[in-house]
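Here's a quick tour for anyone who wants to see how this fold is put together. Have the model open and follow along.

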Amino acid sequence: GNIYPIAEADDPADRIPDAALLAAVEAYLNEDARRPLGPATIAALAFDELEFDVDIANISPNTVAMKAAIQTAVEDYLYARRPLLFDDDPSPINMITAAQLTKVCIDAGAEVATVTLKNSGGSPITSYTLEAYELAKLRTLSWV
């Protein structure tokens with residue numbers, strides 16, 4: 001079986017364990033006393049981080065403080081997205097949507113904001129569902 005551990009870190013950018021920590025986790029979980037039933041061995045793998053671009057237009061109020069609040073809120077939103085642990089999770093956080101990002105902007109204090117979400121290739125998308133091995137992060141936030 002494969003597992004994808006996340007490191008506890010003050011900075012979310014440091015959440016993906018390095019090779020040494022992955023090896024330690026893998027060795028720990030493969031000890032006879034801890035190995036789960038089923039798989040012969042456990043592999044500890046690093047998540048793939050997908051980068052998303054976010055364009056925000058028509059922001060009101062259009063102030064430096066508002067932009068800073070939205071920047072922080074968008075980063076927090078993307079870093080909080082995770083693959084599903086269970087198929088019947090009542091509050092899934094594995095989907096990233098332009099509509100949710102618009103709500104994030106409003107919750108940060110914007111009265112109006114038009115949000116465009118873009119995939120790593122730069123193409124506009126309405127949503128993306130994370131796979132079991134993927135995490136999201138912001139590549140660029142542009143004010144258009």
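**Ground rules and confidence**

This is a predicted model, with local features called only at pLDDT of at least 70 and side-chain atom pairs only at pLDDT 80 or more, while totals for chains, interfaces and linings use all residues. Numbering starts from 1 along each chain as its sequence is written, and side-chain values use heavy atoms, with hydrogens and water left out.

pLDDT is the predictor's confidence in each residue, on a scale from 0 to 100. For the protein chain the mean is 92, and 99% of the residues reach 70 or more. Helices (H or I, at least four residues) and strands (E, at least two) are DSSP runs, numbered from the N terminus.

**The sheet**

Start with the open sheet: 4 strands in the order β6-β5-β3-β8, with mixed pairing. Two strands count as paired if DSSP finds at least two bridges between them. At the edges sit β6 and β8, each pairing on one side only.

Strand β5 (residues 112-118) runs antiparallel to β3 (residues 48-60), and 6 bridges join the two. Looking across that pairing, Val54 stands opposite Leu117, and Asp55 is opposite Thr116. β5 also pairs with β6 (residues 124-125), again in the antiparallel sense, over 2 bridges; here Lys118 has Pro124 as its bridge partner. The hairpin of β5 and β6 has 5 residues between the strands, and Gly122 takes a positive phi near 90° in it.

β5 has two faces: Ala113, Val115 and Leu117 are on the covered one, whereas Val112, Thr114, Thr116 and Lys118 are on the uncovered one.

**Helix α3**

Which residues of helix α3 (residues 98-107) are buried? They are Ala98, Leu101, Val104 and Cys105, where buried means under 20% relative accessible area, exposed over 50%, and partly exposed in between (1.4 Å probe, protein chains only). Seen down the helix axis, these buried residues fall within an arc of 110°, so they line one face of α3; the arc is that of the directions from the helix axis to the C-beta atoms. On the other side of α3, Ala99, Lys103 and Asp107 are exposed. The cover over the buried residues includes β3, α2 (64-80), β4 (95-97), β5 and β6. Just after the helix, Gly109 takes a positive phi of about 120°.

**The nonpolar core**

A nonpolar core here is a set of buried Ala, Val, Leu, Ile, Met, Phe, Trp, Tyr and Cys residues joined through side-chain atoms within 4.5 Å. The largest one has 24 residues, of which Val54, Ile56, Ile70, Val74, Ile96 and Leu117 touch the most other members. β3, α2, α3, β5 and β8 each give two or more residues to this core, and α2 gives the most, with 6 residues.

**Salt bridges**

A salt bridge here is a side-chain nitrogen of Lys or Arg within 4 Å of a carboxyl oxygen of Asp or Glu. The structure holds 6 of them, including these:

| Pair | N to O distance |
|---|---|
| Arg15 and Glu49 | 2.9 Å |
| Asp53 and Arg139 | 2.8 Å |
| Asp107 and Lys103 | 2.7 Å |

Arg15 lies in the loop between β1 and α1 (19-29) and Glu49 in strand β3, so this pair ties together parts 34 residues apart in sequence. Arg15 is buried, with a relative accessible area of 3%, whereas Glu49 is partly exposed at 29%.

Asp53 counts as buried at 9% relative accessibility, and Arg139 as partly exposed at 34%.

Asp107 and Lys103, by contrast, both lie in helix α3, 4 residues apart, about one turn of the helix. Asp107 is exposed, and so is Lys103. Finally, salt bridges that share partners join Arg15, Glu49, Glu51 and Lys137 into one network.

Conventions
Contact = heavy atoms within 4.5 Å.
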